[in-house]
Amino acid sequence: MKIPLYQLDAFSDRPFEGNPAAVCPLEAWLDDDVLQKIAAENNLSETAFFVRDDGSEEGGFALRWFTPVSEVDLCGHATLASAWVVLERLAPGRESVSFETRSGELIVERGEGDLLVMDFPARPAVSREAPRALVEGLGAEPADVLASDRDYLVLLDAEDDVRKLKPDFSRLRGLDRLGIIVSAPGVSADFVSRFFAPSVGVPEDPVTGSAHCTLAPYWAERLDRGEAPLEARQISARGGTLICRHLGDRVTIAGRAALYLSGEITL
């Protein structure tokens, strides 16, 4: 069996930056065990698999995402990469693509220039007391801690505080949320962040679109920006740029993607 494979660097306009994602278009679903083994073999933070919903050229796709160790319910960079594959390789005449996922329908449209704009559910966070393991695992005293239904959102005072973090992943792995978003006001962007998810095999994710479902509502309110665009920068070693808008119960997250490789998986 031959399976197409694309690897793209999402939230970047050039290779070797942004977040690498593997994308595998399928004719039909394979066993979950096989999907998980492919993701483990790729050893990227996410591998995306999609299948046409109704078999037509104009229809949407069912989309799933796997880390090296588990399936996840929402992933931004691998959705961006999947949309790039559809709109630039499989159906270059289309202006948008719809994906059915565990988080509902996600629509990605062409934006200005080579931007792709994703429509995602908002995941606002509320204040809560910081667990001791969170503070000790990050090695920094937060200015504030909030939690969404999936992640912690930890606020620090300055961009450099976020950049200097050296987390203890063994302490963070046992927390009761999938990931830890750490954020602060930005110097050259509206805000910056990093994202850690050791509980699902991703110690630090280079650029995390889904984290901005929580970051966009928070920073739109804090900066009093309403529905105006916010420029976000994830300051991992690779780095990436996202343009976000908070639209009530939805957020839009825009970015670019750069093709790194294309080929085939042989099973």
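Author: Gladly! Let us begin with the rule: a salt bridge is a side-chain nitrogen of Lys or Arg within 4 Å of a carboxyl oxygen of Asp or Glu. Please keep in mind that this is a predicted model.

Reader: What is the idea behind such pairs, and how many salt bridges does the rule give here?

Author: In general, side chains of opposite charge can pair when their charged atoms come close. In this model the count comes to 20 salt bridges.

Reader: Which residue meets Asp-13 in a salt bridge?

Author: Arg-14 does, with N to O at 3.3 Å. To describe how open a residue is, we call it buried under 20% relative accessible area, exposed over 50%, and partly exposed in between. Asp-13 is partly exposed because its relative accessibility is 47%, and Arg-14, at 42%, is partly exposed too.

Reader: Where do Glu-71 and Arg-102 lie?

Author: These two form a salt bridge whose closest N and O atoms are 3.6 Å apart. Glu-71 is in strand 5 (residues 71-72), while Arg-102 is in the loop between strand 6 (96-101) and strand 7 (104-110), so their pairing ties together parts that are 31 residues apart in sequence. Glu-71 is partly exposed at 24% relative accessible area, whereas Arg-102 counts as exposed at 53%.

Reader: And which elements hold Arg-110 and Glu-88?

Author: Here the closest N and O atoms of the salt bridge are 2.8 Å apart. Arg-110 belongs to strand 7 and Glu-88 to helix 2 (residues 76-90), so this pair links parts 22 residues apart in sequence. Arg-110 is partly exposed, with 25% relative accessibility, and Glu-88 is partly exposed, with 32%.

Reader: Why does Phe-16 count as exposed?

Author: Its relative accessibility is 61%, so Phe-16 counts as exposed. You can find Phe-16 in the loop between strand 1 (2-10) and strand 2 (19-26).

How values were computed. Residues are numbered from 1 along each chain as its sequence is written. This is a predicted model: local features need pLDDT of at least 70, side-chain atom pairs count only at pLDDT 80 or more; totals for chains, interfaces and linings use all residues. Side-chain values use heavy atoms; hydrogens and water are left out. Buried means under 20% relative accessible area, exposed over 50%, partly exposed in between (1.4 Å probe, protein chains only). Helices (H or I, at least four residues) and strands (E, at least two) are DSSP runs, numbered from the N terminus.
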